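Take a look at the chain below.

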Amino acid sequence: MVKIKKLNEHALLPNYGTERSAGADLSACLEEDFLLKAGSYAKISTGLSIQVPPGYEAQVRPRSGLAAKHGITVLNSPGTIDSDYRGEVAVLLINHGEEDFLIHCGDRIAQMVIARCEQASFLPTMELDATERGIGGFGSTGV
């Protein structure tokens with residue numbers, strides 16, 4: 001269970017589009033329409049705050065339809081909402097499209113996935129175990 005607090009009467013609760021959806025849609029909560037100009041980015045309010053259980057995070061991800069049709073995506077994708085954060089959930093949207101994009105209150109702008117996560121302990125060392133890949137990165141394993 002994830003507790004959700006509406007910070008605005010017009011805020012919409014996250015909603016799964018289908019029975020097997022991994023992500024619940026997040027909707028914009030705006031006092032007036034917002035024009036996201038081509039090539040620009042903005043923080044868009046959802047009007048919600050959430051209480052993610054310890055050992056979990058909420059990941060804010062793009063909606064594929066907005067990306068495919070309009071070039072709209074989440075700038076810091078995936079954005080992480082930590083279990084101790086109680087502020088408003090906002091979405092950093094960027095318009096990679098060629099045209100300005102108008103966002104209305106209630107528009108589905110992103111999706112949120114609740115995922116298990118763990119904190120690691122870090123052990124300083126002078127040596128790391130050898131692997132076949134070694135230090136090869138960024139395309140070193142092929143296309």
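Which residues gather in a patch of negative charge on the surface? Glu 9, Glu 31, Glu 32 and Asp 33 do. Keep in mind that this is a predicted model.

## The negative patch

Four residues form this surface patch: Glu 9, Glu 31, Glu 32 and Asp 33. One of them, Asp 33, sits in a loop. That loop runs between β3 (24-27) and β4 (34-36).

How open is Asp 33? The residue is partly exposed. Its relative accessible area is 42%.

## The cysteines

How many disulfides does the structure hold? The count is zero. A disulfide is a covalent bond between the sulfur atoms of two cysteines. To count here, the two sulfur atoms must lie within 2.5 Å.

Consider Cys 29. The cysteine sulfur closest to its own belongs to Cys 105, at 4.8 Å. Cys 117, by contrast, is partly exposed. Its relative accessible area is 33%.

## The loop at Leu 75

Where is Leu 75 found? The residue lies in the loop between β7 (72-74) and β8 (79-81). Leu 75 counts as partly exposed, because its relative accessibility is 40% and partly exposed covers values between the buried limit of 20% and the exposed limit of 50%.

Arg 61 is 14 residues from Leu 75 along the chain.

Definitions and conventions
Residues are numbered from 1 along each chain as its sequence is written. This is a predicted model: local features need pLDDT of at least 70, side-chain atom pairs count only at pLDDT 80 or more; totals for chains, interfaces and linings use all residues. Side-chain values use heavy atoms; hydrogens and water are left out. Buried means under 20% relative accessible area, exposed over 50%, partly exposed in between (1.4 Å probe, protein chains only). Patches are made of residues with over 30% relative accessible area and no salt bridge: like charges are joined within 9 Å, nonpolar side chains (Val, Leu, Ile, Met, Phe, Trp, Tyr) within 5 Å. Accessible areas come from the Shrake-Rupley method with a 1.4 Å probe; for residues, only the protein chains shown count as cover. A salt bridge is a side-chain nitrogen of Lys or Arg within 4 Å of a carboxyl oxygen of Asp or Glu. Lys and Arg count as positive and Asp and Glu as negative; His and the chain ends are not counted. The place of a charge is taken as NZ of Lys, CZ of Arg, CG of Asp or CD of Glu. Helices (H or I, at least four residues) and strands (E, at least two) are DSSP runs, numbered from the N terminus.
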